[in-house]
Amino acid sequence: MDKSSTQFDSAKLGFHGLDQGSGQGAEQGFGQGSGQGSKDAGALRHLWLSPWTVWVGFRYLKSKKNSRFLSFITILSMMGVGLGVTAMIIVLSVMDGFETELKKRMMSSDLHILVQPTSETAGFDSGFVPGSTLTAAQIESFKTESESQIVSFSPIVATEAILKAGRRVTGVVLKGLSAERLNALTKQVVESADSQLLLKKEGSDTVSLPGVFMGQELAYEMGLIPGDQITLVSPTEMEGPMSGVPRFKRFVIEGVYHIGMAEEELHTVFSKAEAAHSFLRKANVVSQWEVAVKDFDRAPAIANRLRSQLPTLKVQDWNQLNSHLFASLRLERVSMFTILAFIIVVASFNIVTTLTLMVLEKKKEISILKAMGARHGQVAAIFLAEGMLIGVFGIGGGVGLGLVICTLLKRYEFITLPDIYYDRTLPVTFNPACYGLVGICALVIVIAACLYPSKRAAKINPLDGIRFG
């Protein structure tokens, strides 16, 4: 008993001496190049200053062959992180695809910038101004100053009306277009009426009815086809002796257009400017100007320039006209990103469990390293590196799987959407910045999960580890 007690005391004194001298040993052994001073650097800093910690962490990650349970938890951790990253990439790619397709449909229209009169505009009367408010010379100067980015600057006569076809009634917006703009619209017409259907017999005479172009969604809802006659009723009363009678005019459906924007197809009908003037009983008036530009993304900058040149007019670009829509898309994207991030948070709990069990398993090895001069930050860096490797492998697998699934969705289009959507299949875009953001956020979550077990490993007493490990 005395002999063993003496040996134990000697061992205790010897390890105590090593523990006290660990600061000096760190400068000569594992701690070389890790910085000067007795204070330990943080675990993250030691990953760079002491590369051997990453190597040891990688060895610990591979040394679970004798512990099936620990290996199983490690695989679950990688799979959890990978599936979370995959889900985030797929959802964000699809939502970005919806926004991209929406912008493409806006690009196909000629309404990139909208210019409207205000009460400060000369000759303003119930939303209308004289057609001479903007002269052709002014419009040409706008095109020149914008470096020929403006493709068209079209005057529009727009008014609300009630469309009546038989017993069916709905509210629409009638837009009177110039001949040039109307020719451009005919390129998007999918059904046209025969020229004979535009004529109406009144007694012995044949009268040509004014034609309108109706959206495909509105024609489907009202059950109309090209050649059918409709009546447009103005919600305002006539001026003069017939002031108690609302204005109305008969039109014939000349064609059905399709631009992919269900909202516009459902509520907008187009006609010649002369027919709109006749319907309003107002000649040579304008209610707005629609501007189309070459570069869709430069429309806000061009709108700012027009705003400074036309102080009495209201100028809005496509982003301002659809601000609520794009704001809701951004909110949905942020919400889905936050919700799906919790998948990675839950998966990181498995990483905490894995590293905690690994610390208990490697308690003796940790004590030996500390007795040889390893600093607390270096020991913590070993397990931080191990957790980061688990996260990196999971993130890499998740990004790869997400790219594969997005590629399959884009190529084969095996998911069909209901008719209420613009597209019949899921639109998918590949945005490297989005993938990088997902990977960085996932890595930050993994690093945060690794801090507790790494700190616990750094606090292990080398005497207790060797004695009881």
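Analyst: A word on terms before we start: a helix here is a DSSP run of H or I with at least four residues, numbered from the N terminus. The model is predicted. With that in place, helix 5 (residues 68–108) gives the most to the lining of the largest pocket, with four residues.

User: What makes a residue part of the lining of the largest pocket, and which residues lie nearest its centre?

Analyst: A lining residue needs an atom within 4 Å of a point of the pocket. For the largest pocket, 39 residues line it, and those nearest its centre are Leu 111, Lys 175, Glu 264, Thr 268 and Glu 290. The volume of this pocket is about 1,000 Å³.

User: How do the lining residues of the largest pocket divide by class?

Analyst: There are 19 nonpolar, 12 polar and eight charged residues in that lining. Of those nearest the centre, Leu 111 is among the residues named, and Leu counts as nonpolar, while Lys and Glu count as charged.

User: Why is the other kind of space called a cavity and not a pocket?

Analyst: It is called a cavity because a 1.4 Å probe fits there but cannot get out, whereas a pocket is an open set. One cavity of 30 Å³ or more is counted in this model, and the largest cavity has a volume of about 30 Å³.

User: Which residues line the largest cavity, and which helix supplies the largest share?

Analyst: Its lining is made of Phe 142, Ser 146, Ile 150, Ile 302, Arg 305, Leu 306 and Gln 309. Helix 11 (residues 299–309) provides the largest share, four residues. By class the lining comes to four nonpolar, two polar and one charged residues.

User: Why is Leu 61 called buried?

Analyst: Buried means under 20% relative accessible area. Leu 61 has 12% relative accessibility, so it counts as buried. Leu 61 sits in helix 4 (residues 52–62). Beyond four places in sequence, Leu 61 is in contact with Thr 74, Glu 386, Leu 389, Ile 390 and Phe 393. With Glu 386, 325 residues apart along the chain, the C-alpha separation is 6.2 Å.

User: How do you know which parts of the model to read with care?

Analyst: Where pLDDT is low, the predicted coordinates should not be read in detail. The mean pLDDT of the protein is 80, and 84% of its residues reach 70 or more.

Note on methods:
Residues numbered from 1 in each chain as written. Predicted model: local features only at pLDDT ≥ 70, side-chain atom pairs only at ≥ 80, totals over all residues. Heavy atoms only, no water. pLDDT = per-residue confidence, 0-100. 1 Å grid on protein atoms, 1.4 Å probe; cavity = no way out; pocket = protein on both sides within 12 Å on 5 of 7 lines; lining within 4 Å. Points joined across faces, edges and corners; volume = space filled by probe spheres on them. Helix = DSSP H or I, 4+ residues; strand = E, 2+ residues; numbered from the N terminus. Buried < 20%, exposed > 50% of the residue type's maximum accessible area, 1.4 Å probe, protein only. Contact = heavy atoms within 4.5 Å.
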